[in-house]
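Please look over the structure below. A short report on selected features comes after it.

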Amino acid sequence: MDMLIANKVVLVTGSTGGIGMAICKEFLEEGARVIAIHRNEDKYQQMKTLITRQGADVKNLGGCLMDLSSPENIKMKINEQVKENGTIDILVNCAGTAIEAPFGLLSSSDIQSVFQSNFFNTLNIIREVIRPMSKQKYGSIINISSALSTRFGRGATVYASSKAAVNRFTSALALEVSRNNIRVNCICPGIVNTEMSSNLMAQIGDNLDKFISMGRLGAPREIAKSVVFLSSPLSSYTTGQTLFIDGGLL
Amino acid sequence: MNQIYENVSKAIERSCGIDPSEISMSSFLFNDLNIDSIDLADILFELETEYNIELSVNDFKHFVARKLGEETPFEINGVITPAGQKMLFEVMPELPEELRGTRITINQVVSHFTVGTLCRLVEMKLAPV
């Protein structure tokens, strides 16, 4: 099926993580031009090598070193990307941080850093990207949230609440920017087979059936497929929504 | 300025569907034309595209602050200083006289933007620094 996103310019934050990498690969397979936003050149090169080995054609992949905690740096880098590529059609916010610890043991800086990474950085980059998208009267923004945004969250209170903020921001922003044909949606993965979930997977062990009705972990590619769908004109009437992809978390 | 006014009117028409015959230089954006802050962002984006510049509602603040010089603050915690007010009333004669000498915040100033204010914002941005 043609997802109608060939040659679209796609920015992906958190591109070197498990889900981010799968998202980049999926967009490349659909013929999009992907700009992998990252904060570590070595990790970006590793990601490029890895998806090449997995069969991706990386001729349409470019890297962009960006400090997402700096509004000034974001502004400068987004302007550069707009100049270089002429536009930005799709933004996928996949960068994030999780700290697993009882709330009472967290420091103020732990709390700040989780909200900074998961919420404020997301808002900062979206604000800059909305400008070119509004001018071209087209755009799609996907925020990667988490199943913890609405359920569970014991031992991950700050992470869960920062993701809940992302969900609500998504639905409110969608109302503001739809007039300019910009759609904003959110995806909440369940337990996905990535480095970020390794602690959780170790705790669950062989008891997957007790936690996930489908009895298995999600694959990053299964998240990426939905990201591409929600980014593409095939979902042109969908905005402000939160899609849970969790294999039926129990 | 006539050309800028034409383009500002067109931007308002395109963003908000307001007939240019209802727009004048002295129309207040919020009170007369019923424009909201989201409309205003859209109008600024239209003008940015037209003139290839970057516009912000805070540009008037930077302009007045520059005129005042580094020694004199324009605002403290969002409230405009007496010196800032004096300069602001020169730059924005559309501000209601009854505001003079009262506690004026930056947001209050934006609520008194007219079509003429937008024209001046564009003119300021186009002028060589």
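## Basis

This is a predicted model. Every value given here is computed from it.

## Interface of chains A and B

How many residues of chain B are in contact with chain A? The count is 10, and they meet 10 residues of chain A. Together the two chains bury about 870 Å². Carbon and sulfur atoms account for 42% of that area. On the chain B side, B:Ile38, B:Phe45 and B:Glu54 lose the most area to chain A. These three make up 56% of what that side buries.

Charged pairs also cross the interface. The rule finds seven salt bridges between chain B and chain A. One of the salt bridges in the model joins A:Lys137 to B:Asp42. Their closest N and O atoms are 4.0 Å apart. Helix 2 of chain B, residues 37-51, gives the most to the side that touches chain A. Its share is seven residues.

## A buried glutamate in chain A

A:Glu26 sits in helix 1 of chain A, which spans residues 18-29. Is A:Glu26 buried or exposed? It counts as buried, because its relative accessibility is 3% and the cut-off for buried is under 20%.

What does the side chain of A:Glu26 meet? It makes a polar contact of 2.8 Å with the side chain of A:Lys225. Leaving aside residues up to four places away in sequence, A:Glu26 touches A:Arg221, A:Ala224, A:Lys225 and A:Val228.

## A nonpolar surface patch

Four residues of chain A form a nonpolar patch on the surface: A:Met1, A:Leu4, A:Phe229 and A:Leu234. Their accessible area together is about 430 Å².

A:Phe229 belongs to helix 8 of chain A, residues 220-231. A:Phe229 counts as partly exposed because its relative accessibility is 37%, between the limits of 20% and 50%.

## Two asparagines in chain B loops

B:Asn34 is not a glycine, yet it has a positive phi of about 55°. It lies in the loop between helix 1 (2-16) and helix 2 of chain B. With 64% relative accessibility, B:Asn34 counts as exposed.

B:Asn52 also has a positive phi of about 55° without being a glycine. Its place is the loop between helix 2 and helix 3 (59-68) of chain B. B:Asn52 counts as exposed because its relative accessibility is 72%, and exposed means over 50%.

Technical notes:
Residues are numbered from 1 along each chain as its sequence is written. Chains are lettered from A and ligands numbered from 1 in the order in which they are written. This is a predicted model: local features need pLDDT of at least 70, side-chain atom pairs count only at pLDDT 80 or more; totals for chains, interfaces and linings use all residues. Side-chain values use heavy atoms; hydrogens and water are left out. Patches are made of residues with over 30% relative accessible area and no salt bridge: like charges are joined within 9 Å, nonpolar side chains (Val, Leu, Ile, Met, Phe, Trp, Tyr) within 5 Å. Accessible areas come from the Shrake-Rupley method with a 1.4 Å probe; for residues, only the protein chains shown count as cover. A salt bridge is a side-chain nitrogen of Lys or Arg within 4 Å of a carboxyl oxygen of Asp or Glu. Helices (H or I, at least four residues) and strands (E, at least two) are DSSP runs, numbered from the N terminus. Buried means under 20% relative accessible area, exposed over 50%, partly exposed in between (1.4 Å probe, protein chains only). Contact means heavy atoms within 4.5 Å. Buried area is the accessible area (1.4 Å probe) that two parts lose on being put together, summed over both. A polar contact is a pair of N or O atoms within 3.5 Å; within protein, one must be able to donate a hydrogen and the other to accept it, and residues adjacent in sequence count only if both atoms are side-chain atoms.
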